[in-house]
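Please work through each task before reading its solution.

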Amino acid sequence: MAAAAAGLSWRRVSSFTGPVPRSRHGHRAVAIRELLIIFGGGNEGIADELHVYNTVTNQWFLPAVRGDIPPGCAAHGFVCDGTRILVFGGMVEYGRYSNDLYELQASRWLWKKVKPQAPSNGSPPCPRLGHSFSLYGNKCYLFGGLANESEDSNNNVPRYLNDFYELELQHGSGVVGWSIPVTKGILPSPRESHTAIVYCRKDVGSPKMYIFGGMCGCRLNDLWELDIETMTWSRPETKGTVPLPRSLHTANVIGNKMYVFGGWVPQSAGGEISAPDGEWKCTGSFSYLNLDTTEWIGLISDCQEDKSNLLPGPRAGHCAVAVGTRLYIWSGRDGYRKAWNNQVCCKDLWYLDTERPLAPSQVQLIRATTNSFQLKWDEVPTVEGYLLQLHADSPVPPVAGIPGTGVPETSVLSSQGGCSLHQSPQSLPSVPYPEMKVDHPSQTNNLIPNNVQAALSSGSKVEGKEKVAAPENKITQETMKNHTDATRFKESNAPSLLPVCTSSAQTSANVGELHDLDKQSVNPDASVSGTVSSTQTMVTQQAVKTESSSTNGAVVKDETSLTTFNSKSEAAETAYGTPSTRVSTGQTNDSHSSRAPQRPPAPVKARDRRWYDVGIFKNNSAVVSQFYLLPEETLNINSKTEGADVPDYRLLKKQDLFPGTVYRFRVAAINGCGVGPFSKISEFKTCIPGFPGAPSTVKITKSVDCIHLSWEPPASPSGNILEYSAYLAIRSTQLQENPSQLVFMRIYCGLKTSCIVTAAQLSNAHVDYTSRPAIVFRISAKNERGYGPATQVRWLQDMKTSGSK
């Protein structure tokens, strides 16, 4: 099967930073979140360094390891349990093998040699290499390998093994001991350099271990299954074409598939597989076994591998690691009939997206102005970009014809966070795409350039019929470069892997949740600018974890009144309205609201529900002031909510956002397999001119029995500020009936830019779980015309340790 027909799109990563490890084979690798951790292997000597590759920042680094550092080894066992890694056995020098067990605590880069108890019914595992070492639950399963019968390492007498051991682990750190399980059925034949994986079907709870291939004088391609609950061995019947016999290949489980890549396979001669003592070669063939149906599917055959430089070359003894649904392959021996001391090793890193990305979280509003939104959404791992679309509350007219590359720009946003009045598109000069106005000078533009967007749009589908044919590495390189400044790694300061998720992928453009800001203030506009001022420090009070956004929040008359906000609405699927139980996300009809006339919401008919592209973005945030209009001839395609082509944006005109208008947003992630499903729909409203902007620089400091909430006036007050109101999201029966509608109680109203939130008030707070557990505050300012948009601050809660703070 051709790679293109199989939907494969391999990417070669061509520009690393940091100390790149030397090429090798016989090494092993595991993944901890976005990090690939590689150890051991050999090529002109056995490597003993621990190398780490950050798949987000595209950087290699050497962590400063300490403790009982193990000697270098090759063809060893290497498994990951949370943030600890276990290493067992392997070759430490030619002819000398090990049966030592080491543990690495990656959160501290601390090595420790551990000594498990011997099994009660036999001897512990003998020194070996080429064995399999698989983790499931709190146990590791050791099978087979190659031992040296001779005590003289220079006199190597190979003995192939098929013994089977179970290693029980202690929680967090340490091990209990070895045991030799009593198994039923026929044991697999002795072998080394095979693969073993563990898989548990969703509909059947019994985990299974699968052993494939290996070497025992000749290469093998048999498949064995062990039911871990009953400890029964069997030979499952398979469908499809079984891969050629092989050893030194890799096998990785992603979803319900076991992906098998590379290895040593027999050299074909005239279509016939050579005899066991014939010629062998490295292969770049690629197959998977559907573990639910036990059917083999070939993706790249041996005859295809040398016909394209778009595929990883033939290799054996490489490492392969799954990060989410993405498969990475690094290095390995590519020699054909090479002697041990004259081998050739690859030094290339490849990845393959095996499935379309998951849907992102709903779009969240960071800030609204009269003609722009600052938006964010949660990151989706291992993606190359995001397609953001909007749907206008009122119909948007089609564009007659297709213009040139010059497009109109409107409404320049001030760097102080305010905005100018909406201007007519005809009154402004046109500027070439992709320039977009950003309302903070420190915000970097994360819109993917035209050439990449055009490549993405070529033959691509929004919801999944065809793959996105992005040029090799262009998106990936730009995506990873965006993360460089946030996580600079050096040999002396490699980051710890903390058990808490601290998202090393944050950038200056997408910081929405601020963590571990010891003795620093929390600036909600940091979610725009991405920085926390180093001059704003607190000596006596502890800073708390927050994230912030702005919303067009409704307000209420007195402290006992309640109001609801529905910023997570899916009203795009129904006619838009303002029921009596819901306060509009614009201005309210009470004493705090504007008396200015507003355009009434127009019902949205089914034929007008068209989604318009805002663009394709590299990061999980965007400043939206315009969107792309659709030529008349494409409306019949793009009126569909799913499955539409991504157009060439260079040929489309832009439309500015209008003040006081409701827009609905959805976002989809893009990887090498194409555009994934869209998120749920969010709706937000642009501000009406003349109202104050949102308060800024919100700080939350915690004391023994209360918290202190403070803020700074809006950057664009549009007149004199008459008062501020602060609100706390509280628990309510209405919230239980409709979780998307937060219910707020006003906790402060006055001219001061600070207030105290008491423990009694906090005891009634609702903990919002839409992103990370948080208590939600909103603060808005009022001028002569009424209340403007509210700044929303989410005070992050560590529910594991302290519950609701």
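Rings of Phe, Tyr and Trp (its six-membered ring) pair if their centres lie within 6.5 Å; planes under 30 degrees apart count as stacked, over 60 as edge-to-face and the rest as tilted. The model is predicted, so local features need pLDDT of at least 70 and side-chain atom pairs pLDDT 80 or more, while totals for chains, interfaces and linings use all residues. Residues are numbered from 1 along each chain as its sequence is written, and side-chain values use heavy atoms, without hydrogens and water.

**Exercise 1.** Identify the cluster that contains Trp10.

Solution. Ring pairs join Trp10 to a cluster with Tyr259, Phe261, Phe286 and Tyr288. The structure holds 29 aromatic pairs.

**Exercise 2.** Classify the pair formed by Tyr141 and Phe164.

Solution. Step 1: the ring centres are 6.0 Å apart and the planes meet at 10°, so the pair is stacked. Step 2: Tyr141 is buried (under 20% relative accessible area; exposed is over 50%, partly exposed in between; 1.4 Å probe, protein chains only), with a value of 4%. Step 3: Phe164 is buried as well, at 5%.

**Exercise 3.** Classify the pair formed by Phe665 and Phe684.

Solution. Step 1: with 6.2 Å between centres and 35° between planes, this pair is tilted. Step 2: Phe665 is buried at 0% relative accessibility, and Phe684 is buried at 4%.

**Exercise 4.** Locate the charged end of Arg235 relative to a ring.

Solution. The charge sits over the ring of Trp224, 5.0 Å from its centre; the criterion is NZ of Lys or CZ of Arg within 6 Å of the ring centre and within 35 degrees of the ring normal.
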